[in-house]
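These are my notebook entries on one protein model. I set down each term before I use it.

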Amino acid sequence: MSPKSIKTTCPYCGVGCGLLVKQDVQGTLSVQGDKSHPANYSRLCSKGAALGETLDKDGRLLQAELRGEVSDLDGALDFTAKEFMRITEQYGPESIAFYVSGQLLTEDYYVANKLMKGYIGAANIDTNSRLCMSSTVAGYKRAFGSDTVPGCYEDLERAKLIVLIGSNTAWCHPVLYQRIVKAKKDNPDLYIVVIDPRRTVTCDIADLHLAIRPSTDAYLFNGLLVYLADHDEHNHLYTQTVTEGLEAALEAARASSPSIGETAHKCGLAEDEVADFFRLFARTERVVSVFSQGVNQSSSGTDKVNSIINCHLITGRIGRPGMGPFSVTGQPNAMGGREVGGLANQLAAHMEIHREEHRDLLQRFWQSPVMVTREGLKAVDMFRAIESGQIKAVWIMATNPVVSMPDADRVRNALKQCELVVVSDCMRNTDTTACADVLLPAQAWGERNGTVTNSERRISRQRPFLTAPGDSKPDWWLIAEVAKRMGFATHFSYQNSYEIFREYAHLTHYENNGSRDLDLGGLADFSETEYANMEPVQWPVLKGQRAGVARMFSEGKYYTASGKAQFVSIVPREAAHRVTDEYPFILNTGRVRDHWHTMTRTGKSARLSQHIEEPFLEIHVDDASRLKLHSGGLVKLSSELGTVILRIVATETQQPGSVFAPMHWNDQFSGQARIDTLVHPVVDPVSGQPESKFTPVRIEPYEPGWHGFILSRRKLEIKDARYWTMARGADCWRYEIAGDIPDTDWSGYAQNLLGSDDATDTGWIEYFDTSQCRYRAARIVDDRLESCLFIGPDPNLPRRDYLISLFAKGSLDNRERASLLSGRPAEPQKDTGAIVCACFGVGEITIRDNILKNGLISVEQIGDLLKAGTNCGSCIPELHQLLETLQKETGT
Ligand code: SF4
């Protein structure tokens, strides 16, 4: 095998880091950061660095299935097309829906959108980006007349002030965070303000943290607008020449936030910290306001976005280096979806459904038989329409709405009663594939070929370096094949992704003449080789050019009807639901550092699974103590919609009255931890984005009759445990379990779960202390530890790390066998603690001990001694926190 090196793009977050995948002569693949990619210049976070561990075919969907039976792909495509035609004929085009994903490539998105809006003739195509950043799209369009990110990543390095609003950048956009850390190191005058109800690890670099009362951001930015106007920080030339609506916006702002004192009161902040922030913003010309899901995922997310943009418009701080309002997107290709009309309220190439000239242009360009005339249903309404039977058939592509949609159980029930559910995915078993009538095998990252756009409008190539296994196909191919079978062969006869990209690039330039921001005229004449070798480029790329544009609106030209930017008058609204005596806590949902979305990829990596092994609930220590809860215990967390069971983490980083839980865990990795089953499906009226950051909940201790854990080389189906979670280890799967009935027949339970037919070469050992409800069993096959199970009356069970280490051994020696059920090594070993550095497997206790023993005072010293934090750097904020905590504890 000859060695090769392929440049591609990370499939996780919207930072869009460039990667270099290398294959050596043995065929072993390694993944590194691409030094030449302008998003990351070789940096990677823990997720990107562990991509090589997620490439196996375990769990892949490799063949089509029809109603649970394996089918040839042709048969499944024929069936899908025939059913779509029957349903369209019987109930009309609006009875069909596509629910697509920010994981799709732009080419996939383009073809899906073309089929739905120009050939089926409805606009019921929406993307899971609706849940992530549609409020930003709506906010940008209201202000600029177009969905345009004004700036670029380089602005973070050129700014003097960076305001991070509702963004745990350190965990959710780690490479951007690394760039900010470096910028601050290079320029100690760079000031960082974090606005977030939680003290997240991002606050590690904050000069000022405003722990704002949840959902009050618009009060704060209205207050800032008033302050800027009243303190002569108003750029009169700019507002008079290129903006409209300032007076009305100011009047609304004065009504809600007339003074610093009133603003501070509304936001639950101290007056002097609000004054500090306002002064800082006012006196700093180069300011970038970075915002993310904490702003977007709200029933007034669009208003919050516009309240931020208003402050940049009044100061004219937009379109120039080191300044501007800057939304960072969650998914790797949320931006690409926005560009080709992946949202139900847009047409392709930034054209609008409500504009007749755009509909006409698109229909002529596509030569399509029909063209939508009205918006389709946005995600939440789309699943409601599936539930009511208004939509009879849905095709879900590369996403898992049964986990990620609000009111997720209702979404599952809606799918179960839908006449036809088609799911194309690369994974066989997800909570959503379980609801499918038709499964179509899609290619995975590493096999796909196309483009993605990151948060700074930069288009990069995803290039294949693996052969697609089984019958798996590109998503665009699956869509085009269905389109051909529906009678649209002439217009969907694409041979490859290059042909689709060219068509899309032509469309962006077609009759554009500067009227639309998104113009790829310069790429429309690309040869196939140029497409193959395409370097990352920021759109627009104008005709006759190959270079893109770093900053938009530099000349004050906007895409509104008047050509001027619009101030939007904001009347702040608080969250749609309020806490009550019955549901007294506010639930905030979000991501953790080392997992991605619903874990179908990161859950495969032992390295990533070590950082946080179980779904958890963070609660303020005072609330925990009032409710008599302890870290490590279990709680039932309930909203009006459902209940989950989570492990408690008591912390001072939460606000009293607020709790946080991650959105990743699903029914494949846990028994009852799909957090979105609790979230109300209330949405922003403009953007349709759900309010995932504010759900009133109740917390009750869950005291199981027994606790336990299982380690096993093969994946198990856990039964009869009220609580269970699964995590990947290097050589085994780890299960934490708990249940209600203490007098179970543990021996029978263990035999059922861990046993197998090949009893001849099996060693089975067990221990039972009936009086204390303690049971332990282990299964040994060919001298190797195959599985073990430990049960006790409380969580006080042996450490897992020693037992996990035994799975790495080719055979157990006598001493290890003898001590196996004690759960302890014959000779004591040191507990290294929860893994902090995923790259080098360095645990918290090891780090603490070394800080204390060696008097370490900096992250660099920790790195020199233990290597922690010296690879991807994702754990550096946690290392800082550990140092800080120990310094407080020891008074040093
Ligand atoms: Fe991938 Fe991490 Fe870069 Fe995001 S920050 S694109 S997850 S390497």
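This is a predicted model: local features need pLDDT of at least 70, side-chain atom pairs count only at pLDDT 80 or more; totals for chains, interfaces and linings use all residues.

**Entry 1: Terms and source.** I call a residue buried when its relative accessible area is under 20%, exposed when it is over 50%, and partly exposed in between, using a 1.4 Å probe and protein chains only. Residues are numbered from 1 along each chain as its sequence is written, and side-chain values use heavy atoms, with hydrogens and water left out.

**Entry 2: A salt bridge between two helices.** I define a salt bridge as a side-chain nitrogen of Lys or Arg within 4 Å of a carboxyl oxygen of Asp or Glu. Helices (H or I, at least four residues) and strands (E, at least two) are DSSP runs, numbered from the N terminus. I looked up K304 and found its side chain in a salt bridge with that of D217, at 3.8 Å from N to O. K304 belongs to helix α14 (residues 301-315) and D217 to helix α8 (residues 217-230), so the pair links distant parts of the chain, 87 residues apart. Is K304 buried or exposed? K304 counts as buried because its relative accessibility is 2%. D217 has 6% relative accessibility and therefore counts as buried.

**Entry 3: Further salt bridges.** I next examined E387 and R410, whose side chains form a salt bridge of 2.8 Å, N to O. E387 lies in helix α17 (residues 379-388) and R410 in helix α19 (residues 408-416), so this pair ties together parts 23 residues apart in sequence. E387 is partly exposed at 27% relative accessible area, and R410 is partly exposed at 32%.

I then turned to R626, which forms a salt bridge with D623; their closest N and O atoms are 3.0 Å apart. The two residues are about one helical turn from each other, because they stand three residues apart in helix α24 (residues 621-626). In this pair R626 is exposed, with a relative accessible area of 53%, whereas D623 is buried, with 6%.

How many salt bridges does the rule give? The count comes to 65. I also noted a network of salt bridges that links D74, D78, E481, K484 and R485.

**Entry 4: The ligand.** Which residues surround the ligand? I listed C10, Y12, C13, V15, G16, C17, L44, C45, K47, G48, P174 and V175. Helices α1 (46-49) and α7 (174-186) each supply at least two residues of this shell. I sorted the shell by class: Ala, Val, Leu, Ile, Met, Phe, Trp, Tyr, Cys and Pro count as nonpolar, Asp, Glu, Lys and Arg as charged, and the others, Gly among them, as polar. The shell has nine nonpolar residues, two polar ones and one charged one.

Entry 5: I treat two strands as paired if DSSP finds at least two bridges between them. Six strands close into a barrel with mixed pairing, in the order β21-β25-β22-β24-β23-β26. From one strand to the next the twist averages 45 degrees; the axes are lines fitted to C-alpha atoms, for helices over the stretch in contact, and angles run from 0 to 180 degrees between N-to-C directions. Strands β21 (residues 585-590) and β26 (residues 695-702) run antiparallel and are joined by three bridges. L587 has T695 in β26 as its bridge partner.

Entry 6: Strand β28 (residues 723-728) is mostly covered, with five of its six residues buried. Six bridges pair β28 with strand β29 (residues 733-739) in the antiparallel sense. I found Y723 opposite A738 in β29, and a hairpin of four residues joins β28 to β29.

**Entry 7: A loop residue.** Where is A561? A561 sits in the loop between β19 (537-538) and β20 (565-566). A561 counts as exposed because its relative accessibility is 93%. I noted that the C-alpha atoms of A561 and G145 are separated by 7.5 Å, although these residues are 416 apart along the chain.

**Entry 8: The whole protein.** I recorded 30 helices and 34 strands. Buried residues make up 63% of the 892 residues. Along the principal axes, the C-alpha atoms fill a box of roughly 80 × 70 × 60 Å.

Definitions and conventions: A residue is near a molecule or strand if one of its heavy atoms lies within 4 Å of it.
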